[in-house]
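Hi everyone, thanks for coming. Have a look at the screen with me, and I'll talk you through what I found.

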Amino acid sequence: MIRTIWWEDDGVHLLDQRALPGEEIYLVCRDYREVIEAISSLAVRGAPALGVAVALGIALGLKQAAGASGEEFQGRFEGLCREFARVRPTARNPFWAIERIRALAAEQAGVSAEEKTAALIRGAVALAEEDAANNRRLGEYGQTLIPPSAAILTYCNAGALATAGYGTALGIVRAAWAAGKGPEVYACETRPVLQGARLTAWELRKEGIPVTLITDNMAGSLLASGRINCVIVGADRIARNGDTANKIGTYTLAVLARENGVPFYVAAPLSTCDGAVGEGREIVIEERSGEEVTTFAGTRIAPAGVSVWNPAFDITPCRYISAIVTERGIIGPPYKEGIERQTNIKDR
Ligand code: MRU
C-alpha cells in the first residue's frame, strides 16, 4: 500500500514526491512551516492530498502553540488558516479542509485550548480516512464505466499519491483491476513537472497494473489510432456547471477525445466541487515559477532570460466531459443539477 501523508505523535509524515521515482524518502514535518514548504515545493501534491496536508498542518501549528489560550489561541488559529489558504490557490480541497476544521473548532467552544487542539488533530486524521474511503467508493462507481481489457488514457497523477489513499482516476483503474477487468493505462508524461512519468508510472508499476508512457504531444495520435477506450482524469476544482480545473494540458486531451469520439471522464470526490463557483472562468489559476519550464531534471533547456508562461492548471469546459464520478455516483450532463443534488447545494 502506498502511504502519502499521515499524522504521528512527532508530526506530519509524508512521502517526498519530488524524489520519486528514484528514491522513496519519507519526511517528518515537526513544524507547520515545513508542511507549507512541502506543499509549495510539490513534495505533497494533488488536490485531495493537499486538503489532508492543510488539515494536518493546521493541527500541527496549533500543537506547536501549546500553552496559548483564549484570544491568543484564536489568533494563532486564524493566522494558520490564512497562511495555508495562500499556498496553492486552484485546488478546492485545501479550502474545503479549512472550512471543515473551522466548523469543528466552532463546535468546541468552551473547551480548553489543549482539548480543542486534540479534537482538531482527531478531525484532521478523520478527514484523511474519509478521503481514502471516498476514493474506494468512487472507484467502485467508476469501474462500471470500464469495459473489459480497456485501454485508459490518463493525465498527471490522480492516484494514491494525490490523495490520502487509492486515488481518484487511478482509483477507478484499481477498482477495474480488482474486478478482474484487466485494464491497461497510457500515461501522459505531463510537462513541466512530469507527474505522469514520475508518479503515475511508478504507482501503477508498483502494483503490476500495465502502464505505457507517452509524451504529451503523442496523445492526439494515440486517440486517433482507436486504441483508447476512455480518458480518465482527476480534478482540482469543479464549478457548479461541471467546468473542471485540472493539470495544464487536460483541456487539450478533452478536445482531442471529443474529436475522436472517445469518452472523457472526470473522477473527483465532492470535496473538490465548489458550490460558490458558477463556471470555470471564475476559478483562479495558479502560475508557477518559469524555472519549471526552462529546466529539465535540473538541466537548463532554454536560453537564460527567456520569458515563460507557466500556468499549473487549465479549465475543461463541461461540454467536453462525458461524466463526473464522485463517491456518491456517476453524474451525467447537465452537471449543474447532479452536482447540486450530490452536494446538497441550494440556490444562493
Ligand atoms: O500540481 P499538482 O501535481 O498538485 O496537480 C495535480 C492535478 O492536477 C491532479 O490531477 C488533481 O489534483 C487531481 S488529484 C486526485
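So, how many aromatic pairs does a search of the whole structure find? It finds three. Rings of Phe, Tyr and Trp (its six-membered ring) pair if their centres lie within 6.5 Å; planes under 30 degrees apart count as stacked, over 60 as edge-to-face and the rest as tilted. Take Tyr-32 and Phe-84: the ring centres are 6.2 Å apart and the planes sit at 50°, so this pair is tilted. The two belong to distant parts of the chain, 52 residues apart, with Tyr-32 in helix H1 (residues 32–40) and Phe-84 in helix H3 (residues 70–87). Helices here are DSSP runs of H or I, at least four residues, and strands are runs of E, at least two, numbered from the N terminus.

Quick housekeeping: this is a predicted model, where local features need pLDDT of at least 70, side-chain atom pairs count only at pLDDT 80 or more, and totals for chains, interfaces and linings use all residues. Residues are numbered from 1 along each chain as its sequence is written, and side-chain values use heavy atoms, leaving out hydrogens and water.

Now the ligand. Helix H2 (47–64) and strand S9 (244–247) each give at least two residues to the shell around it. Asn-246 has a polar side-chain atom 2.7 Å from a ligand oxygen, and Lys-247 has one at 2.7 Å from a ligand oxygen too. For Gln-195, a polar side-chain atom lies 2.9 Å from an oxygen of the ligand. The protein covers 99% of the 420 Å² of accessible area (Shrake-Rupley method, 1.4 Å probe) that the ligand has on its own.

Technical notes. Polar contact = N/O pair within 3.5 Å; in protein donor to acceptor, adjacent residues only side chain to side chain.
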